[in-house]
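Open the structure in a viewer and keep the sequence panel beside it. The stops below say what to select and what is there.

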Amino acid sequence: MSIKYCDQHKDCERQRLYRRFCAALVGVIVLVLLIVLIVWLVLRPTKPRFFLNDVSIVCINVSSASYLTVTMQATLASRNTNDRVGIYYDRADVYAEYRAMQITVPTALPPFFQPPNDAAVWAPFLSASNVPLPPYLATALTQDETAGYLLVTIRVDGWIRWKAGAFITSHYHLRVRCPALLTVNDGQGSYGSNAGGGLGYFKFQRAAPCIVDV
């Protein structure tokens, strides 16, 4: 009887220690989450703002077989509007779209840290050669150029983290969409006097804020 009682007593002690350990672990986790929540609510980090300052098309050509070759340069600016929170840009790729289809290969921006209330400017070249287009899209691109107006979208896709003091968040998916309206031959397209392209054939209309989703 005494041996059985001793074994039961040891089991009860182990169960009490296990329950205390679990309660302490849950308490620590809750405390850490509460601290993170308080820091987040106090600092209230906001997503960066992006602006498309310029788009210069060096060349764009659609072959008779519906293959696209394009080279352009996009000038993008980002601003961190937080007063006490910095932003890590761990990865960011820039590419161009036409009517929801990607028409250039992604160009990677260098990783960097953006301090609070800081602005950064990039001017990556975006290009692709012999991109197969669906026939309807090749026709639409040719028609837009002929009509004198071309709408492309500059996109940024990447991952960022916020930094407040020693606290750094996990990664967040950054998606940026910047519509760019360009006139072709001063809006006259193929009907104007300059139908052969060249400098100023494509003109970016005006700088505009981008749509940012995090």
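**Stop one: a histidine and its surroundings**

Select H173 and, leaving aside neighbours within four places in sequence, the residues in contact with it: D157, G158, W159, D213 and V214. Contact here means heavy atoms within 4.5 Å.

This is a predicted model, in which local features need pLDDT of at least 70 and side-chain atom pairs count only at pLDDT 80 or more, while totals for chains, interfaces and linings use all residues. Residues are numbered from 1 along each chain as its sequence is written, and side-chain values use heavy atoms, with hydrogens and water left out.

H173 lies in strand β11. Helices (H or I, at least four residues) and strands (E, at least two) are DSSP runs, numbered from the N terminus. The H173 side chain makes a polar contact with the side chain of D157 at 3.1 Å, and another with the side chain of R175 at 2.8 Å. A polar contact is a pair of N or O atoms within 3.5 Å; within protein, one must be able to donate a hydrogen and the other to accept it, and residues adjacent in sequence count only if both atoms are side-chain atoms.

**Stop two: the disulfide**

Now select C178 and C210, which form a disulfide with their sulfur atoms 2.0 Å apart. The cut-off for a disulfide is a pair of cysteine sulfur atoms within 2.5 Å, and the count by this rule is one. C178 lies in strand β11 (residues 172–184) and C210 in the loop between β13 (208–209) and β14 (211–213), so the pair ties together parts 32 residues apart in sequence. The torsion about the S-S bond is about 110°, so the disulfide is right-handed.

Is C178 buried or exposed? At 1% relative accessibility, C178 is buried; C210, at 12%, is buried as well. Buried means under 20% relative accessible area, exposed over 50%, and partly exposed in between (1.4 Å probe, protein chains only). Select C22 next: at 28%, C22 is partly exposed.

**Stop three: aromatic rings**

The model has eight aromatic pairs. Rings of Phe, Tyr and Trp (its six-membered ring) pair if their centres lie within 6.5 Å; planes under 30 degrees apart are stacked, over 60 edge-to-face, and the rest tilted. Select F50 and Y89: the ring centres are 6.5 Å apart and the planes at 70°, so this pair is edge-to-face. Both residues are buried.
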